[in-house]
Each structure stands twice: as C-alpha cells, then as structure tokens.
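We will go stop by stop.

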Number of protein chains: 2
Amino acid sequence: MSGTEENQGENKAFTEECHKVLMAVSDALYVIGGKWKLMIIIAMARGNKRFTEIQRQVTGISARVLSSELKELEMNGFIVKKVENGYPVTIEYELLPYSDTLEELVTAMTKWGMQHREKVKAEMSMGKSGKLKV
Amino acid sequence: MSGTEENQGENKAFTEECHKVLMAVSDALYVIGGKWKLMIIIAMARGNKRFTEIQRQVTGISARVLSSELKELEMNGFIVKKVENGYPVTIEYELLPYSDTLEELVTAMTKWGMQHREKVKAEMSMGKSGKLKV
DNA sequence: CTGTATCCTGGATGATACTG
DNA sequence: CAGTATCATCCAGGATACAG
C-alpha cells in the first residue's frame, strides 16, 4: 500500500484499478464473509468432519446457523456432505480442493488477528482503551 | 474398521491450536469484518482522502455509514482525521502506518476474490448456477 | 446424532432531509 | 463539502423445541 498521490494523468487508470480491487474484495466478502464461514473451514481443516464436532469446535454457533452455513459452503464448492448408510447412518462433511484456495487468505487473517490482539493487549496495559473479546 | 481417530495423544494439542487460530480469525473479523472497512482502507490507499472522494469510490456506501465507519477506523488506529483551518476548512483522512499491517491480508483477499469471480464465470458458462453481483 | 421449524431481537444498513 | 438526525427496514443470528 504505497502512497499513490498526484497522478493527474493516471487518475482514471487508478480509479479503474481501484474499482477492480474493490469489486474483488467485495466478492470475497460476499462468499466467505460473515462471522462463521472461515471458522468452519478452519475447524474442518483441523480434521473435524461431523456436525457436532464442528459445532463444538466453532464455539458459539447454533445448530440452525451451522446447518445453513454448511449448505452455503456446499453450494459454493468448498465442501461435500457424505452420507454413509449403515447403523447408524454416518454423516460427514469433507473439504473439497477448492477450499485450499483460501489457505493464503486464512493464513494472512490468522497472522493479522494474532498481532492485533498483541497490539491491543499492549495498549491496554498502557491505559488506552481497546476492546478485546475475552 | 477403518479410520480410527488418528492421534489420541495429539488431539488436545490440535484442538488448542485450532482454538487459537479460530480466535485470531474471529478477532480479525471483529475489527475489519463487515461490508465496508477494508474497502474504505483500499480506497484511501489509492489516494482518496476526502469524505466525498471516498464515498464516490466506495460505491453504495451512505454518508451515515461512511461517517460511522471512519470513526471506528480512527478509534482502531488505522486512520487519522486532519482538519486544516482555512477557507474553507479542509478535512482529510489519512492512513496511519498501522493500516499497512493489513496489506498482506488485503492482497490475499483481492487475489482470491478475482480468481473466484473467474471460477464462477467459468461455471456459469457451463450452465451451472452461481451468483455474482453485476 | 443431525438436523428442521419457529419465534424473536439487535444491530447493521438504507433513505431522506437537514445543518454549519 | 462534510457530516448529523431520524425513521424505516432487513436479516443474521440466538433460543428453544421438536423430528427422523
């Protein structure tokens, strides 16, 4: 994000490039934004495959919401639902290769979240006000 | 009897690591999540400093929302509001160094959003259904 | 266990009008 | 230009109960 100032001639190009970037980020937010989708994928990447497992790992999510998020994730090609007929019927969700495309993004977000927590913690010990969920 | 649960011993460690990652992502989402914050920062990184400039670049945002988002971004140390007394008073918002820490994340999200749009476009031309904002 | 069905609320966002 | 005020709306998500 280097400063891009005064380019009268290039302004239009800048605006267009900016628009493309904004559209891309907007797209991404539309598909994987919200409180839960990335967290579900992360939990699944750690080996959680069963509905209840995922719900236990992703603290705070309700069954209703988890159910609907899983459906959206399936529709968008991130996961599959596998039903094994047996006693009892076993249902598992599995990540599809497309979910791997999120790896870089997830890594970046994890790193940022961790450093931000550290930063806020440091500020708090200096008396500034900051919000951190405990 | 296939697939017994891998590492009984490491399971706890996995769960803990997973929890940390989830917490980090949750933190990040809390601060920069939502529809607008990243987009505002991106627009500002492209040189937009004035309220109206930003509003024009970030298509669809209302004055009320932009105003409130700018305040939150300022509170979280991403930007400053600068008021130049003169005729007329000039108000500009500037990115602070802390906003640079988002660069990697923004880059990753931009890349992903672009490739996702391509993917959906490709699928649509194959007759599958996918949603893409036009 | 894996969900679905309801009901409900707060917060996020939109629309519009107005002010210094 | 840079907002604020107000009102209306929508919907993600929570709580709970129930079902296959």
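Helices (H or I, at least four residues) and strands (E, at least two) are DSSP runs, numbered from the N terminus. The model is predicted: local features need pLDDT of at least 70, side-chain atom pairs count only at pLDDT 80 or more, and totals for chains, interfaces and linings use all residues. Residues are numbered from 1 along each chain as its sequence is written, chains are lettered from A and ligands numbered from 1 in the order in which they are written, and side-chain values use heavy atoms, with hydrogens and water left out.

**Stop 1: chain A**

Select chain A. It has 5 helices and 2 strands. Walk from the N terminus: the order is α-α-α-α-β-β-α. Chain A has 134 residues, and 34% of them count as buried. Buried means under 20% relative accessible area, exposed over 50%, and partly exposed in between (1.4 Å probe, protein chains only).

Now colour residues 1-32 as domain 1 and residues 34-125 as domain 2 of chain A. Such bounds come from an automatic or database domain assignment. The C-alpha centres of these two domains of chain A are 30 Å apart.

**Stop 2: DNA strand D**

Select DNA strand D and the residues near it.

Colour the surface by class. It has 5 nonpolar, 3 polar and 6 charged residues. Here Ala, Val, Leu, Ile, Met, Phe, Trp, Tyr, Cys and Pro count as nonpolar, Asp, Glu, Lys and Arg as charged, and the others, Gly among them, as polar.

Next, zoom in on A:Arg64. One of its polar side-chain atoms lies 2.4 Å from a base nitrogen of DNA strand D. Then pick B:Arg64: a polar side-chain atom there is 3.3 Å from a base oxygen of DNA strand D. Finish at B:Ile91, where a polar backbone atom is 3.5 Å from a phosphate oxygen of DNA strand D.

**Stop 3: the aromatic rings**

A pair of aromatic rings is described by the distance of the centres and the angle of the planes. Rings of Phe, Tyr and Trp (its six-membered ring) pair if their centres lie within 6.5 Å; planes under 30 degrees apart count as stacked, over 60 as edge-to-face and the rest as tilted. Over all chains there are 6 aromatic pairs.

Select A:Trp112 and B:Phe78. They are stacked, at 6.1 Å centre to centre and 25° between the planes. A:Trp112 lies in helix H5 (residues 103-125) of chain A and B:Phe78 in the loop between H4 and strand S1 (79-84) of chain B, so the pair joins two chains. Both residues, A:Trp112 and B:Phe78, are buried.

Last, select A:Lys119. It lies over the face of B:Tyr98, 3.8 Å from the ring centre. A charge sits over a ring if NZ of Lys or CZ of Arg is within 6 Å of the ring centre and within 35 degrees of the ring normal.

Conventions. Polar contact = N/O pair within 3.5 Å; in protein donor to acceptor, adjacent residues only side chain to side chain.
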